[in-house]
Amino acid sequence: MEKERAIAVVVLLCLVVVVKLPEASATRFMVGGKMGWNSNVNYTIWAQDKHFYNGDWLFFVYDRNQMDVLEVNQTNYVSCNAEHPVHNWTTGAGRDVVPLKVTRHYYFISSKGFCYGGMKIAVKVENMPPPPKASPVKSKSSVLTPTFRSQFVLPAVFAIGAMWDALVRL
């Protein structure tokens, strides 16, 4: 019984550490927003205010009976040439997800004449910027700041309470 409680305390402390780890998440962009992968969208304007980072995803939603998603090089992107795609992301469902795993420029078009109608998008994938550095403490006040309190004191109180509870039940 004592061993089980000790394990429970260790697990609780590990959970506190995991909760405090910095958050990292990828973003899934639905290409074209609510309009999807469609000939009536200006994808240059759609993409201009977005940042695409290594690990993000592009989600293409379109009419599977008419359109497709082809990754091409820059030359074929400009000329809407679908003859030699780098990769055909079309799965046949009209719901294709493209992982952005490499830091580089990606070029996508829809063949069958739709590229000439504007169904093409170029995105530049970058590495995630480093987190901002903390500013130095300006005052030597003994009062705990709300940030310090929320990041360290509350998890420590819960951990101490769990250890106390485990010891009392021994």
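1. Surface. In this predicted model, the accessible surface of the protein comes to about 11,900 Å². Carbon and sulfur atoms hold 61% of that surface. Of the 170 residues, 29% count as buried.

2. Elements. The protein has four helices and eight strands. Read from the N terminus, the order is α-β-α-β-β-β-α-β-β-β-β-α. Among contacts with a separation of 6 or more, 68% join residues 24 or more positions apart.

3. The sheet. Five strands make an open sheet in the order β2-β8-β7-β4-β5, and the pairing is mixed. The edge strands are β2 and β5 (87-88), each of which pairs on one side only. In general, strands of a sheet pair through backbone hydrogen bonds, in either a parallel or an antiparallel way.

4. Neighbours of β8. Which strands pair with β8, and in what sense? Strand β2 (residues 52-53) runs parallel to β8 and is joined to β8 by two bridges. Here tyrosine 53 stands opposite glutamate 126. Strand β7 (residues 105-109) pairs with β8 in the antiparallel sense, over five bridges. In that pairing, histidine 105 has lysine 124 as its bridge partner, and tyrosine 106 stands opposite valine 123.

5. Faces of β8. Strand β8 covers residues 120-126. Its covered face holds Ile121, Val123 and Val125, while Lys120, Ala122, Lys124 and Glu126 are on the uncovered face. The general rule behind such a pattern is that side chains in a regular strand alternate between the two faces of the sheet.

6. Nonpolar cores. The largest nonpolar core has 23 residues. Those with the most contacts inside this core are Trp37, Phe52, Leu58, Phe60, Phe108 and Ile121. The elements that give two or more residues to the core are α2 (43-48), β3 (57-61), β7 and β8. A second, separate core has seven residues, including Leu70, Val72, Tyr107 and Cys115.

7. Tyrosine 106 and phenylalanine 108 form a stacked aromatic pair, 6.1 Å centre to centre with 5° between the planes. Tyrosine 106 is buried at 3% relative accessibility, and phenylalanine 108 is buried with a relative accessible area of 0%. Ring pairs also link Tyr106 and Phe108 with Trp37, Tyr43 and Phe60 into a cluster. Of these, Trp37, Phe60 and Phe108 are among the residues with the most contacts inside the largest core.

8. Charges over rings. Arginine 28 lies over the face of phenylalanine 59, at 4.5 Å from the ring centre. Lysine 50 lies over the face of tryptophan 46, also at 4.5 Å from the ring centre.

Notes:
Residues are numbered from 1 along each chain as its sequence is written. This is a predicted model: local features need pLDDT of at least 70, side-chain atom pairs count only at pLDDT 80 or more; totals for chains, interfaces and linings use all residues. Side-chain values use heavy atoms; hydrogens and water are left out. Buried means under 20% relative accessible area, exposed over 50%, partly exposed in between (1.4 Å probe, protein chains only). Two strands pair if DSSP finds at least two bridges between them. A nonpolar core is a set of buried Ala, Val, Leu, Ile, Met, Phe, Trp, Tyr and Cys residues joined through side-chain atoms within 4.5 Å. Rings of Phe, Tyr and Trp (its six-membered ring) pair if their centres lie within 6.5 Å; planes under 30 degrees apart count as stacked, over 60 as edge-to-face and the rest as tilted. A charge sits over a ring if NZ of Lys or CZ of Arg is within 6 Å of the ring centre and within 35 degrees of the ring normal. Contact means heavy atoms within 4.5 Å. Accessible areas come from the Shrake-Rupley method with a 1.4 Å probe; for residues, only the protein chains shown count as cover.
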